[in-house]
Amino acid sequence: MRASEYTIFKTKAAARLKLNPPESEFQLGCVMLNIASAVGEKQYDWQNKITVKFGVNDVTNIIFGIRSNQEVSLFHQFGETSKRVVFKPGDKGWFLTVNEKSIPISYPEILAINIMLEHALPLMHNWK
């Protein structure tokens, strides 16, 4: 299976979710979130992106938060590097914030993210 991705482009930044399925039957897959700042009109700095790796528990928490219209706050620490990821509902859509970099997400975009994460969850477990 090839990796699948979904990208949301905004004026100041872009967010990309990418499914990485397990490489063997004894592993779990993940979903990678990349956030890139805009460097011009419709141009993004993917070389200096912020990357967060979502495991099964993270994906489950995000799905639950979206379905119940509740804020989801995740904290990741790897060595001395920490990242805080927040999915937060608002009046006109949602906001995705990673380490103080915030991206507005429309209702149709959050619906697409939810559908994709629900589809990704069994694939991450290697359930076919």
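**Notebook: a predicted model**

I began with contacts (heavy atoms within 4.5 Å). Among contacts in the protein with a separation of 6 or more, 41% join residues 24 or more positions apart. I note that this is a predicted model, where local features need pLDDT of at least 70, side-chain atom pairs count only at pLDDT 80 or more, and totals for chains, interfaces and linings use all residues. Residues are numbered from 1 along each chain as its sequence is written, and side-chain values use heavy atoms, with hydrogens and water left out.

**Overall form**

I looked up the secondary structure next. The protein has two helices and nine strands. Helices (H or I, at least four residues) and strands (E, at least two) are DSSP runs, numbered from the N terminus. Along the sequence I read β-β-β-β-β-α-β-β-β-β-α.

Then I checked the dimensions. The C-alpha atoms fill a box of roughly 40 × 35 × 30 Å, taken along the principal axes. The radius of gyration, taken over C-alpha atoms, is compared with a globule rule of 2.2 Å times the number of residues to the power 0.38. For 128 residues a compact globule would have a value near 14 Å, and the protein agrees, with 14 Å.

Buried means under 20% relative accessible area, exposed over 50%, and partly exposed in between (1.4 Å probe, protein chains only). Of the 128 residues, 38% are buried.

**The two helices**

How do H1 and H2 pack? Helix H1 covers residues 56–67 and helix H2 residues 107–124; they pack at an angle of about 145°, with axes 10 Å apart. Axes are lines fitted to C-alpha atoms, for helices over the stretch in contact, and angles run from 0 to 180 degrees between N-to-C directions. The crossing of H1 past H2 is left-handed. That term applies if the near helix is turned anticlockwise from the far one by less than a right angle; clockwise is right-handed.

I listed who touches whom. From H1, the contact includes Val 56, Val 59, Ile 62 and Ile 63. From H2, it includes Ile 110, Ile 113, Leu 117 and Leu 121. The contact residues divide into 10 nonpolar, two polar and two charged. Here Ala, Val, Leu, Ile, Met, Phe, Trp, Tyr, Cys and Pro count as nonpolar, Asp, Glu, Lys and Arg as charged, and the others, Gly among them, as polar.

**Single residues**

Is Tyr 44 buried or exposed? Tyr 44 is buried, at 15% relative accessible area. Its place is strand E4 (residues 43–44). Leaving aside neighbours within four places in sequence, Tyr 44 contacts residues including Phe 9, Lys 10, Ala 36 and Val 39. Tyr 44 and Phe 9 are 35 residues apart in sequence, and their C-alpha atoms are 8.9 Å apart.

I then looked up two asparagines. Asn 69 lies in the loop between H1 and strand E6 (72–78). Its phi is near 55°, a positive value in a residue other than glycine. Asn 69 is partly exposed, at 48% relative accessible area. Asn 99 lies in the loop between strand E8 (94–98) and strand E9 (101–105). Phi of Asn 99 is near 45°, also positive. Asn 99 counts as partly exposed, at 35% relative accessibility.

My last entry is His 119, in helix H2. His 119 is exposed, with a relative accessible area of 54%. Its C-alpha atom is 10.0 Å from that of Leu 19, 100 residues away along the chain.
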